[in-house]
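This report looks at charged side chains that pair with one another, and then at a few residues in the strands. Please keep the sequence and the structure in view while reading.

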Amino acid sequence: MIGDPRPFGEPAGPDVVSCFYDSLGNTLDYVYELTGDRLTIWGGTKGSPAYFQGTFDVAGSTLAGAWTHPGGGGYASTMTRA
């Protein structure tokens, strides 16, 4: 699910968030931040040590960046609109 958090009876929150539910019952929450052509996806909350940071190309059809994980690690990722 991706959207604005909207607790019952309250206005929508300021951030776009998503929640992934796996087959073991875990939930993985993400917060999205777009500044110019740079997208940051925080794992959990903004400022988390687990995050993706990437940049859109001029056409806006490709996003290239990398995930950073706490304690090292991570991986590069390139997404292209089909």
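Strands here are DSSP runs of at least two residues, numbered from the N terminus, and Val16 lies in the one called S2. The model is a predicted one, which should be kept in mind throughout. Val16 is partly exposed, with a relative accessible area of 36%. Between the C-alpha atoms of Val16 and Tyr30 there are 8.6 Å in space, while the two residues are 14 residues apart in sequence.

**Salt bridges**

Side chains of opposite charge can pair when their charged atoms come close. How many salt bridges does the count come to? The count comes to two salt bridges, and they are set out in the table below.

| Salt bridge | N to O distance |
|---|---|
| Asp15 and Lys46 | 3.1 Å |
| Glu33 and Lys46 | 3.7 Å |

In the pair listed with 3.1 Å between the closest N and O atoms, Asp15 forms a salt bridge with Lys46. Asp15 sits in the loop between strand S1 (2–3) and strand S2 (16–21), and Lys46 sits in the loop between strand S4 (38–43) and strand S5 (51–56), so this pair ties together parts that are 31 residues apart in sequence.

The side chains of Glu33 and Lys46 meet in the other listed salt bridge, at 3.7 Å from N to O. Glu33 belongs to strand S3 (residues 27–35), whereas Lys46 is in the loop between S4 and S5, so the pair ties together parts that are 13 residues apart in sequence. Lys46 takes part in the bridge with Asp15 and also in the bridge with Glu33, and Asp15, Glu33 and Lys46 are linked in a network of salt bridges.

**A buried serine**

Ser77 is found in strand S7, which covers residues 74–80. Buried means under 20% relative accessible area, and Ser77, at 17% relative accessibility, counts as buried. Which residues is Ser77 in contact with, once its neighbours within four places in sequence are left aside? Ser77 is then in contact with Phe52, Leu63, Ala64, Gly65 and Ala66.

Definitions and conventions. Residues are numbered from 1 along each chain as its sequence is written. This is a predicted model: local features need pLDDT of at least 70, side-chain atom pairs count only at pLDDT 80 or more; totals for chains, interfaces and linings use all residues. Side-chain values use heavy atoms; hydrogens and water are left out. A salt bridge is a side-chain nitrogen of Lys or Arg within 4 Å of a carboxyl oxygen of Asp or Glu. Helices (H or I, at least four residues) and strands (E, at least two) are DSSP runs, numbered from the N terminus. Buried means under 20% relative accessible area, exposed over 50%, partly exposed in between (1.4 Å probe, protein chains only). Contact means heavy atoms within 4.5 Å.
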